[in-house]
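User: Please take a close look at one part of this model, its nonpolar packing, and describe that part in one connected account.

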Amino acid sequence: MNLIDTLNWRYAAKRMTSEKVSDEKVTEILEAINLTATSAGMQPFRVLVISDPEIKQKLQAASFNPQVSESSHLLVFASYTHVSQAHVDEYISLVANTRNIPVESLNDFKEKLSGFASMPEEFVKNWAARQAYIALGTALIAAANLKVDSTPMEGFDNAAFDEILGLKEKGLQSAVILALGYRNEEADFLSKAKKVRIPLDELTITLN
């Protein structure tokens, strides 16, 4: 299937079976997330991969969607609550080591990124969460490419998730979650429904 056919196949599964997604496919989805575009390449988020039924049940109690417990794997995209100078220094070292260049050659880039360390907390939280959403989009496409169903969700108690997963201590906050699994066609009334989208010429505005 080509990309458009794959995206037409994809939908937000409302109910999932108990079938497990293979470790190989989960790893490929995570690798795609790791390659996603982010602002300055800083990746100001982490992805928690949860397959433990007991943890999923605890999270289910703090959410409004059955896919949390029905999923094979639940991905929690947790974004930074702050960016410190240590974060910037670590990233600059990674760039220098990966590209085999002197760290001093990145001084101008480092100075620009260091501005994040003095930004208001709310600005950093919102910026980091938006980067997590970019990664979510990549995950949706990667899963569909592997014929793995997925459901992105905001319908959960962020504070409860943060507490259950100990995110505050890690300098993180839950931004959005993604259930991975396989659609339950018998229980999901939308499994065979036609995808509803506005016409492309209504979505797009071309300026010539």
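Analyst: A residue is called buried when its relative accessible area is under 20%, exposed when over 50%, and partly exposed in between, for a 1.4 Å probe and protein chains only. The model is predicted, so that local features need pLDDT of at least 70 and side-chain atom pairs pLDDT 80 or more, whereas totals for chains, interfaces and linings use all residues. Residues are numbered from 1 along each chain as its sequence is written, and side-chain values use heavy atoms, leaving out hydrogens and water.

The account begins with the loop between α2 (23–34) and β1, where Gln43 is found. With a relative accessible area of 24%, Gln43 is partly exposed. Its phi is positive, near 50°, although Gln43 is a residue other than glycine. Ala40 lies in the loop between α2 and β1 as well, and has a positive phi of about 60° without being a glycine. The relative accessibility of Ala40 is 33%, which makes this residue partly exposed.

Met42 belongs to the largest nonpolar core, a core being a set of buried Ala, Val, Leu, Ile, Met, Phe, Trp, Tyr and Cys residues joined through side-chain atoms within 4.5 Å. This core has 34 residues, and Met42, Leu74, Val76, Val83, Phe161, Leu165 and Ile177 touch the most other members. Two or more residues each are given by β1 (45–50), β2 (73–80), α5 (85–99), α7 (121–145), α8 (158–165) and β4 (172–181), elements being DSSP runs numbered from the N terminus (helices H or I, at least four residues; strands E, at least two). The largest share, five residues, comes from α5.

Leaving aside residues up to four places away in sequence, Met42 touches Val83, Val88, Tyr91, Leu113, Phe116 and Trp127, contact meaning heavy atoms within 4.5 Å.

Phe161 and Leu165 also take part in a helix pair: Ile55, Lys58 and Leu59 of α3 meet Phe161, Ile164 and Leu165 of α8. The axes of α3 (residues 53–60) and α8 come within 10 Å and cross at roughly 155°; such axes are fitted to C-alpha atoms over the stretch in contact, with angles from 0 to 180 degrees between N-to-C directions.
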